[in-house]
Amino acid sequence: MVLVFIDIAEDGSVKKTALEALSYGAALAKQLNVAAEGLVLAPVTEDLSALGQYGVTKIHQVKNEALQHFDAQSYAKVCAAVAEQTGATVLIFSHNTSGKAIAPRVAARMKAGLVAGAVALPETSNGFIVKKSVFSGKAFADVSVLTTVKIISINPNSFKVEGDANGSAEIVDADIAVDAPLIKTISTSKQSGEVPLAEAEIVVSGGRGMKGPENWGILEDLASSLHAALACSRPVADAHWRPHNEHVGQTGGAIAPNLYIAVGISGAIQHLAGVNRSKVIVVINKDPEAPFFKAADYGIVGDLFDVVPKLTEAIKQL
Ligand SMILES: Cc1cc2nc3c(=O)[nH]c(=O)nc-3n(C[C@H](O)[C@H](O)[C@H](O)COP(=O)(O)OP(=O)(O)OC[C@H]3O[C@@H](n4cnc5c(N)ncnc54)[C@H](O)[C@@H]3O)c2cc1C
């Protein structure tokens, strides 16, 4: 059986990355001729049975006060216990913040081989070979998993969400002992009104070409017209023009939005390392020789202070 960890957001909704993991798990289960099932640990506000549309027949739910707040250690212990109880042989996670924290812990507990950052379904005709992205997305590696229990975390936005609207899953309360958590979240403060960068479908990013923090208003306008998150290059964060949590690249966050709009960014290899998994890249730069154009799907050669307000205006008209 293929068991998919269903990641739940703070507000109780099912994350889009969880839908990708479900679709991936269901496709793999079909390929292996076994069932696909889901696992939910966090409090949820959605109707879980509707997740059957993504191909899972059953969803195991562990309802316990101790799992109310995300804690990778507790979650990993419960995941491993459910996997053992249900006899799951393949576990699927999203390679997002929670998956990156839980999957290796589950792998250590179950002595299972883990492929982190998979980008395609495994090749199972002769063994179990998973393609994953390596060298910050600049290359791919084929990894053979040799253990009986196999764990895969899939890169966000690398597998299409697919389903059949009529599908429905049976919800089962899993009888698992949950220890008291080792840590406790006392409070969380969230910036309101902003789209979180890691989950954004569209990202508008600024570089040194913006000249200074006082000019970010035009990027904020563009971002809000597209319901996009803001990001920046490293020198911008180093100069304190923008906060460091917006810095993307080799030493910053790695993102994979559907659309990445790079404004006044040259396209250094260390920057590309964090954004080259974006589905569509648009580059706005006044230098036609800027290296970023080589990685771009669409490019606008021009002065950003001229181009960006016109682009925002055109989007608002649409
Ligand atoms: C070990 C290491 C790790 C690094 N990690 C990262 C990382 O994680 N992320 C990262 O971003 N960088 C990283 N860097 C830095 C990286 O090498 C580049 O120096 C950096 O990405 C350049 O930032 P930039 O494109 O904003 O600035 P610049 O290279 O100065 O480019 C500015 C661009 O703006 C354009 N421009 C200027 N004015 C305008 C205008 N009016 N209209 C339109 N275009 C204009 C210019 O033509 C130019 O292409 C790292 C470097 C090292 C050595």
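Which polar backbone atom is 3.1 Å from a nitrogen atom of the ligand? The atom belongs to Lys-286. The model is predicted, and local features need pLDDT of at least 70, side-chain atom pairs count only at pLDDT 80 or more, and totals for chains, interfaces and linings use all residues. Residues are numbered from 1 along each chain as its sequence is written, and side-chain values use heavy atoms, with hydrogens and water left out.

**The ligand and its contacts**

| Residue and atom | Ligand atom | Distance |
|---|---|---|
| Gln-270, polar side-chain atom | oxygen | 2.8 Å |
| Val-248, backbone N or O atom | nitrogen | 2.9 Å |
| Lys-286, polar backbone atom | nitrogen | 3.1 Å |

Taken alone, the ligand exposes 980 Å², and the protein buries 76% of that; these areas come from the Shrake-Rupley method with a 1.4 Å probe, and for residues only the protein chains shown count as cover.

The shell around the ligand has 26 residues, and the closest are Arg-208, Lys-211, Ser-233, Ser-266 and Asn-285. By class, six shell residues are nonpolar, 14 polar and six charged. Here Ala, Val, Leu, Ile, Met, Phe, Trp, Tyr, Cys and Pro count as nonpolar, Asp, Glu, Lys and Arg as charged, and the others, Gly among them, as polar. The helices α5 (234-238), α6 (269-275) and α8 (304-317) each supply at least two shell residues; helices are DSSP runs of H or I with at least four residues, strands are runs of E with at least two, and both are numbered from the N terminus.

**The pocket and the cavity**

The ligand takes the space of the second largest pocket, meaning that more than half of its atoms lie within 2 Å of the pocket's grid points. On a 1 Å grid over the protein atoms alone, a pocket is an open set with protein on both sides within 12 Å along at least five of seven lines, a cavity is a set of points where a 1.4 Å probe fits but cannot get out, and lining residues have an atom within 4 Å of a point. The pocket has a volume of about 300 Å³, and its 18 lining residues include Ser-233 and His-271. Its lining has four nonpolar, twelve polar and two charged residues.

The largest cavity has a volume of about 30 Å³. Its lining has seven nonpolar residues and no polar or charged ones. Strand β1 gives the most to this lining, with three residues.

A volume is the space filled by probe spheres set on the grid points, which are joined across faces, edges and corners.

Conventions:
Near = heavy atom within 4 Å. Polar contact = N/O pair within 3.5 Å; in protein donor to acceptor, adjacent residues only side chain to side chain.
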